Amino acid sequence: MSTFSIFLVLITIVCFLLIVVIMVQNPKGGGLSSNIGGSQMLGGVQKTTDFLDKSTWTLATILILLILFSSLSFTGTLSDTDSKIIENTSTTAPTTPAVPVQNAPATPAPAK
């Protein structure tokens, strides 16, 4: 397994976690923090909001770093680097250069 494939798997996992953390939040104050009835659970509503906020920023930073590192490790072996168009035109082109045909100047038709 190449390094790029490992980065690709890690990026997918971080993206999934980031989606889950964002979906748990509610921009209007609802979300997971509104479902907690008392302050005994998970350290209270404010602590839950802080945790979700910090985890969002942390996952986003990790995602950006993974993308940058994966671009550095990409060698281009997964993609087709040869152009099929250039390859086809070079094999079908004649070996001798074509000589342009010299056309004689057109003579105007006689007027009637």
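The accessible surface of the protein amounts to about 9400 Å², and carbon and sulfur atoms account for 68% of that area. Accessible areas were computed by the Shrake-Rupley method with a 1.4 Å probe; for residues, only the protein chains shown count as cover. The structure is a predicted model, in which local features need pLDDT of at least 70, side-chain atom pairs count only at pLDDT 80 or more, and totals for chains, interfaces and linings use all residues. Residues are numbered from 1 along each chain as its sequence is written, and side-chain values use heavy atoms, with hydrogens and water left out.

The secondary structure consists of 4 helices and 0 strands. Its order along the sequence is α-α-α-α. Helices (H or I, at least four residues) and strands (E, at least two) are DSSP runs, numbered from the N terminus. Of the 112 residues, 18% are buried. Buried means under 20% relative accessible area, exposed over 50%, and partly exposed in between (1.4 Å probe, protein chains only). Among contacts (heavy atoms within 4.5 Å) between residues at least 6 apart in sequence, 73% join residues at least 24 apart.

Helix α3 spans residues 45-73 and includes Ser-73. The side chain of Ser-73 lies 3.1 Å from the backbone oxygen of Ser-70. Beyond its neighbours within four places in sequence, Ser-73 contacts Thr-3, Phe-4 and Phe-7.

Leu-65 also belongs to helix α3. Leu-65 counts as partly exposed because its relative accessibility is 41%. Leu-65 and Ile-11 are separated by 54 residues in sequence, and their C-alpha atoms are 9.6 Å apart in space.

Definitions and conventions. Polar contact = N/O pair within 3.5 Å; in protein donor to acceptor, adjacent residues only side chain to side chain.
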